[in-house]
Amino acid sequence: MEFFPKLSALSLATLLACTTVTAQTAGPAVAAADALRSAAQKAIVGNPEVTARLNALRASGAAIDAARSGLYPRVDLEAAAGRTTDRISTRNPEGQSLSRGGVALSLSQLLWDANVIRSDVDRLGHDKLVRWFELMDASENTALEAVRAHHDVMRQRTLVALAEDNYVQHRYASTQIGSRVRAGVGRGVDSEQANARLALAESNLTAESANLHDVTARYLRIVGELPPQRVGRSAASNAGLPSSAGEATAQAVQASPAVSASIENLRAARSAAQGREGAAWQPRVEARLRTGTGRNFDGVPDQKRDTSAEIALNWNLYNGGGDQARIRQAADLVNQAADQRDKACRDARQIAAIAFNDTQKLVEQLQALDRNVLAIEKARDAYRQQFDIGQRSLLDLLNAENELYTAKRAYANAEFDLLVAQARTLAATQRLSTQLGLTRPDAGMAPSGWRSGDDAPTRCPTLIADAYGSVPRGELDARAQRLVQQAPPLK
């Protein structure tokens with residue numbers, strides 16, 4: 001009697017193609033490319049992290065206008081009414097009280113401030129570029145997170161389907177063996193073994209179902225809506241990927257918004273340092289004009305109007321060494337910004353190198369896992385036949401079934417890991433949004449002619465990481481062959 005019937009509909013290829021949907025849903029499946037594009041587009045349009053960066057960019061533009069206003073004239077209108085009592089001894093009678101009131105108009109114009117305001121405007125201009133690059137980075141990262149969330153949901157649906165099939169197979173075996181034991185043609189220990197493996201299969205199914213809930217909740221957080229119930233199978237593609245690790249890391253540094261933002265942050269720190277130095281060592285000069293009219297105007301008896309014009313200079317000569325301390329602080333902040341720029345460059349190279357390497361190694365891993373699944377599947381089928389004629393124990397058969405489930409699960413994980421690695425590589429080189437055909441919120445806001453110039457990272461090694469210590473596969477095969485030759489002859 002065959003306790004584990006071979007179900008052709010649950011073969012690996014069919015399973016991976018069909019288990020991205022739940023059994024209860026109906027209707028045509030959404031194309032994988034359309035589902036990916038839709039999820040990523042909705043994420044970068046409605047995700048709060050992206051919109052927060054967009055609002056920060058808009059606020060930085062207003063900050064520039066506010067700082068630039070200090071270069072223009074300032075006009076103030078004053079109006080006051082009240083009563084004044086003074087104690088001027090030369091006035092008779094002493095202790096005279098005055099009822100006063102009036103309106104005055106004053107105008108002031110900055111003539112010189114050692115370019116403090118211009119340095120501040122320049123600093124805020126660089127800060128605006130930082131906000132723009134941060135928006136770019138947030139958009140690309142959010143698109144990547146949406147793609148990752150989509151693939152994780154599809155992955156868990158596949159794993160749930162595998163766990164369901166594993167549970168069905170063990171439930172069938174447990175039922176059949178229980179029937180044989182009750183009929184007196186089976187052993188009780190076989191029934192216990194089957195029930196134990198059934199409990200493990202049920203535990204695996206519960207765990208995979210819980211994981212599916214978690215990744216669906218994460219998809220909802222990133223995209224803002226639940227994933228489609230039926231989605232076609234995603235296929236790996238090399239479109240848009242760099243051809244080598246060196247190309248991937250070079251493109252990552254050149255296109256990375258994080259690196260560009262760190263460069264602009266360095267320039268902003270320099271502008272702040274220049275403004276701080278000007279404010280410390282040079283005076284501030286203003287032109288002022290004031291005219292007003294009223295009754296006892298400005299508290300002066302019988303004064304009806306007053307007009308004044310002056311040039312005012314303010315020059316701080318000593319304030320306890322605070323200016324020197326702030327200059328040193330600004331210089332240290334410039335050095336810190338340079339450090340952060342070089343760190344951003346190293347981070348960008350690392351992310352791109354690891355992602356690209358994953359796209360290469362996972363292809364090799366999938367080939368090995370495919371051979372593993374096919375071999376275990378053949379072994380499981382042989383174990384079934386041997387069990388039916390009493391040449392294999394039930395434990396052998398149950399072990400083979402679990403091993404096949406584990407192999408299929410590893411293959412499914414590697415397949416989706418490859419899809420995520422390809423998306424990570426595209427995002428690291430700023431190509432993911434373009435490859436998906438997305439419209440980003442920063443479209444049309446790009447600065448024209450931006451260059452890193454002399455502010456490019458200086459402590460960012462251009463070496464390519466290699467798997468140092470990894471022995472070539474051919475050498476490992478040769479070592480295995482030598483062991484075969486050294487082994488004693490078979491008896």
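1. Start with T291: its bridge partner in strand 4 is T307. That pairing belongs to a run of ten bridges between strand 3 and strand 4 (residues 305-314), with the two strands antiparallel. Keep in mind that you are looking at a predicted model.

2. Strand 3 (residues 284-295) also pairs with strand 2 (residues 97-112), again in the antiparallel sense, and here eleven bridges join them. If you want a residue to look for, take Q109, whose bridge partner in strand 3 is A287. So strand 3 has strand 2 as one partner and strand 4 as another.

3. Next, the aromatic rings. Two aromatic pairs turn up in the count. In one of them, W132 and F133 have ring centres 5.0 Å apart and planes at 70°, which makes the pair edge-to-face. Both residues are tucked away: W132 counts as buried at 8% relative accessibility, and F133 counts as buried at 5%.

4. What angle do the ring planes of F133 and W450 make? They sit at 70°, with the centres 5.1 Å apart, so this pair is edge-to-face too. The pair links distant parts of the chain, since F133 is in helix 4 (residues 116-182) while W450 is in the loop between helix 10 (432-436) and helix 11 (473-486), 317 residues apart. Through these ring pairs, W132, F133 and W450 form a cluster.

5. A disulfide joins C460 to C345, with the sulfurs 2.0 Å apart, and the count comes to one disulfide.

6. Finally, have a look at helix 5 (residues 188-223). Its 36 residues reach 53 Å from the first C-alpha to the last, close to the 52 Å expected at 1.5 Å a residue. Just after helix 5 comes G224, which takes a positive phi of about 100°.

Notes
Residues numbered from 1 in each chain as written. Predicted model: local features only at pLDDT ≥ 70, side-chain atom pairs only at ≥ 80, totals over all residues. Heavy atoms only, no water. Helix = DSSP H or I, 4+ residues; strand = E, 2+ residues; numbered from the N terminus. Phe/Tyr/Trp six-rings, centres within 6.5 Å; stacked < 30°, edge-to-face > 60°. Buried < 20%, exposed > 50% of the residue type's maximum accessible area, 1.4 Å probe, protein only. Expected span 1.5 Å × (residues − 1). Disulfide = S-S within 2.5 Å.
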